[in-house]
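Student: Please take one part of this model and go through it closely. I would like to see how that part connects to its surroundings, with the cut-offs behind each term.

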Amino acid sequence: MTAAEKPFVWGVDGEPTNYGNRWVTLIYREAFRRLGIPVQFEHYSLARRAALVEEGVIDGETSRIYSYGDSRPNLVRVEESLADLVFSFFTANPSLRLARIEDMRGTGYRVEYRRGILLCETAVKGVVAAEQISDVLTQGQGLKKLIAGRTDLYCDLEVYVLQELQQPEFKGANVRKVVSIGKTVPTYPYVNKKHAELAPRLAAVLKQMKAEGLIEVYRKQVERDLGWQ
């Protein structure tokens, strides 16, 4: 393969079959088709992919919050959001009620989040004591601990948790959303700085795809494929 043919490698979160990965794969395949660039997807934990893109081993991260690059000088944000997501706290405790995140203060609740989800991490630090906070590698691990009563609250991307709860091992689990972190949060592509010239071109393509309604079409397609519609 020549340098000109080398694909752009995106680091993607978790399993290839999950909701978010199916959606972003459709979006980026079309976007890079329009850009005339081969594209490839590799799946890592959030923390691992963050390290790899900063090192330039992979070329970009598909979806991160706006402020993600503030402390990462090796990354360039693509200035067009990809998708708006919701981050929420879930529980398996039928008596646990929260009107807002600040209501966790002084409760003694054991709170967990998926490693690398910075919005969840930031939301609980300063509200819950450090010894009550933990993290896990996958949403499956987080839900199992929640159901087993080893934690009281689990924070993650809402749509990923809802999809995980469709798996046979979680059927009938008494897990419900308690409270969300704000409302929807726009997320953005990030690329290694060696691809800085690509960022505005990709932003223009994503903006055009939104105007065409194509990103929403892809979302509905994934939900149909998963049997959600």
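Tutor: Let's begin with cysteine 155, which is buried, its relative accessible area being 1%; buried stands for under 20%, exposed for over 50% and partly exposed for what lies in between, using a 1.4 Å probe and protein chains only. Before we go on, note that this is a predicted model, where local features need pLDDT of at least 70 and side-chain atom pairs count only at pLDDT 80 or more, while totals for chains, interfaces and linings use all residues. Residues are numbered from 1 along each chain as its sequence is written, and side-chain values use heavy atoms, with hydrogens and water left out.

The partner of cysteine 155 is cysteine 120: the two form a disulfide, with 2.1 Å between their sulfur atoms (the cut-off is a pair of cysteine sulfur atoms within 2.5 Å). One disulfide is what a search of the whole structure turns up. The link between cysteine 120 and cysteine 155 is left-handed, with -70 degrees about the S-S bond. Cysteine 120 belongs to helix H3 (residues 118-124) and cysteine 155 to strand S9 (residues 153-157), so the pair ties together parts that lie 35 residues apart in sequence. Helices (H or I, at least four residues) and strands (E, at least two) are DSSP runs, numbered from the N terminus. Cysteine 120 counts as buried too, at 0% relative accessibility.

In H4 (residues 139-147), the buried residues include Gln139, Gly140, Gly142, Leu143, Lys145 and Leu146. Among the elements covering them are strand S6 (87-91), strand S7 (111-114), strand S8 (133-136), S9 and helix H5 (158-164), judged by contact, meaning heavy atoms within 4.5 Å. After H4 comes glycine 149, with a positive phi near 80 degrees.

Leu146 leads us on to the cores. A nonpolar core is a set of buried Ala, Val, Leu, Ile, Met, Phe, Trp, Tyr and Cys residues joined through side-chain atoms within 4.5 Å. The largest one holds 64 residues, and Trp10, Phe32, Phe89, Met104 and Leu202 have the most contacts inside it. Helix H1 (residues 19-35) supplies the largest share of this core, eight residues. Apart from that core lies another, of nine residues, with Leu146, Leu165, Phe170 and Val175 among them.

H1 also packs against helix H6 (residues 198-211), at an angle of about 115 degrees and with the axes 10 Å apart. Here axes are lines fitted to C-alpha atoms, for helices over the stretch in contact, and angles run from 0 to 180 degrees between N-to-C directions. On the H1 side, the residues making the contact include Ile27, Tyr28, Ala31 and Phe32, and on the H6 side they include Leu198, Leu202 and Val205.

Histidine 195 is buried, at 18% relative accessible area. Leaving out residues up to four places away in sequence, histidine 195 touches Phe8 and Asp59. From histidine 195 to glycine 60 is 8.7 Å in space, C-alpha to C-alpha, although they are 135 residues apart in sequence.
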